[in-house]
Amino acid sequence: MKSLAELAAIREKMKDRVVLREGQGDIRVVVGMATCGIAAGARPVLSAFVQGVADEGLSDKVTVTQTGCIGICQYEPVVEVFEAGKEKVTYVKMTADKAKEVIEKHLKGGSPVAEYTIGQNQ
Amino acid sequence: MKELSLNILDIAKNSVKAGATLTTIEIIETDETLTLRFSDNGCGMTEEFLKNVTDPFCTTRTTRAVGLGIPLLKLEAEQTGGSFNITSRHESEYPDSHGTVTEATFYKNHIDMTPLGDVISSVVTLIQGDPETDFLFIHNRPSGQVRLDTRELREVLGDEVPLDLPDVLAWIRGNLEEQYGN
């Protein structure tokens, strides 16, 4: 059973590290999670980013957050990537598989996946 | 929506947006019916807003003047022969007891019943999205109850470890999976 004791163990393990984490996060991944995004399949996209960022050990530099309607509902699921000093990258019609590719090539590798961006999907 | 669990995610976010510090999500199942109930202590709605809230052209969002969350849930319930109800107390009139209760009842055996789907993912996603607020999730099934209260988790985790930490989210998912007997 996933007991509260196990949760307490997570606390012991993490409490020092969390302090370090704060104030960092050069890259912000924002997933549109309004009615339009959710209906179009944003939940598995968000899960893929949350899981992928943790699995790849990127938690120190990447934060994944949710937002409301971005205003381009026909392109949902929409994901925006903000990075200090760089132009915002907007990915459209995302899937969990595309998210994995973005984590690998963009968040880890530093180059946006052009074919999934809004510029190439209009 | 393909799954009611997606409606759950969508509607519960209204409570968070209304400033609720605690949002209770209940799924109450009998052999024939399924009721979704969302109760929060958010700012509530004025009577005038409440009258129009099932209208798709009534929305709090600013990017466009259409809000489909509530109308969709109502439609999905009514297409099974079920019902939809929403009551609210606005903070201007009820400073000490404000909040909203949204309830939708479905007939599970109706051909137009939307499947419940992946409730666990919706609960985890809700907590990931708003780790500062509390959620009480209760699923009463004929075979037993599933329950998760973030206030209890917060007590164990203390102030320094947030609920949206990957390890904590994985624990929440694992805990719910075990309760569901997956």
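Mentor: Helices, of at least four residues, and strands, of at least two, are runs assigned by DSSP and numbered from the N terminus. The model itself is predicted.

Trainee: Is A:Asp26 buried, partly exposed or exposed?

Mentor: A residue is buried with 20 or more other C-beta atoms within 10 Å of its own, and exposed with 12 or fewer. A:Asp26 has 13 other C-beta atoms within 10 Å, and therefore it counts as partly exposed.

Trainee: Leaving aside neighbours within four places in sequence, with which residues is A:Asp26 in contact?

Mentor: Separation along the chain and separation in space should be kept apart here. A:Pro44 is 18 residues from A:Asp26 in sequence, and their C-alpha atoms are 24 Å apart. A:Gly85 is 59 residues from A:Asp26 along the chain, with the C-alpha atoms separated by 9.6 Å. The contacts of A:Asp26 beyond four places in sequence are A:Lys61, A:Glu83 and A:Ala84.

Trainee: Is A:Gly85 buried or exposed?

Mentor: This glycine lies in the loop between E3 and E4 of chain A. Because A:Gly85 has 5 C-beta neighbours inside 10 Å, it counts as exposed.

Trainee: What pattern of helices and strands does chain A follow along the sequence?

Mentor: The secondary structure of chain A comes to four helices and four strands. Of the contacts in chain A with a separation of 6 or more, 67% are between residues 24 or more positions apart. Read along the sequence, the pattern is α-β-α-α-β-β-β-α.

Trainee: Which strands of chain A stand at the edges of the sheet?

Mentor: The four strands form an open sheet with mixed pairing, in the order E2-E1-E3-E4. An edge strand has a single partner, so one of its sides is left without a neighbour in the sheet. The edge strands of chain A are E2 and E4.

Trainee: What is the bridge partner of A:Ile27 in E3(A)?

Mentor: Strand E1 of chain A, residues 27-32, runs antiparallel to E3(A), and five bridges join the two. In E3(A), the partner of A:Ile27 is A:Glu83.

Trainee: What value does phi of A:Lys93 take?

Mentor: The place of A:Lys93 is in the loop between strand E4 (89-91) and helix H4 (96-108) of chain A. With 17 C-beta neighbours inside 10 Å, A:Lys93 counts as partly exposed. Its phi is positive in a residue other than glycine, near 45 degrees.

Trainee: How do the residues of the contact of H3(A) with H4(A) divide by class?

Mentor: The axes of helix H3 (residues 42-55) of chain A and H4(A) come within 8 Å and cross at roughly 30 degrees; the crossing is right-handed. On H3(A) the contact includes A:Pro44, A:Val45 and A:Ala48, and on H4(A) it includes A:Ala96, A:Ala99 and A:Ile103. By class, the contact has eight nonpolar residues, one polar and one charged.

Trainee: Which residues on the other side of H5(B) are exposed?

Mentor: Start from the buried residues of H5(B), which are B:Thr150, B:Leu153 and B:Leu157. They cover an arc of only 55 degrees around the axis, which means that they lie on the same side of H5(B). On the other side of H5(B), the exposed residues are B:Arg151 and B:Glu155.

Trainee: Which element gives the largest share of the side of chain B that touches chain A?

Mentor: The contact takes 31 residues from chain B and 28 residues from chain A. The elements of chain B that give two or more residues to its side are H1, H3, H4, H5 and H6. The largest share, eight residues, comes from H6(B).

Note on methods: Residues are numbered from 1 along each chain as its sequence is written. Chains are lettered from A and ligands numbered from 1 in the order in which they are written. This is a predicted model: local features need pLDDT of at least 70, side-chain atom pairs count only at pLDDT 80 or more; totals for chains, interfaces and linings use all residues. Two residues are in contact if their C-beta atoms, placed from the backbone, lie within 7 Å. Two strands pair if DSSP finds at least two bridges between them. The arc is that of the directions from the helix axis to the C-beta atoms. Axes are lines fitted to C-alpha atoms, for helices over the stretch in contact, and angles run from 0 to 180 degrees between N-to-C directions. A crossing is left-handed if the near helix is turned anticlockwise from the far one by less than a right angle, and right-handed if clockwise. Ala, Val, Leu, Ile, Met, Phe, Trp, Tyr, Cys and Pro count as nonpolar, Asp, Glu, Lys and Arg as charged, and the others, Gly among them, as polar.
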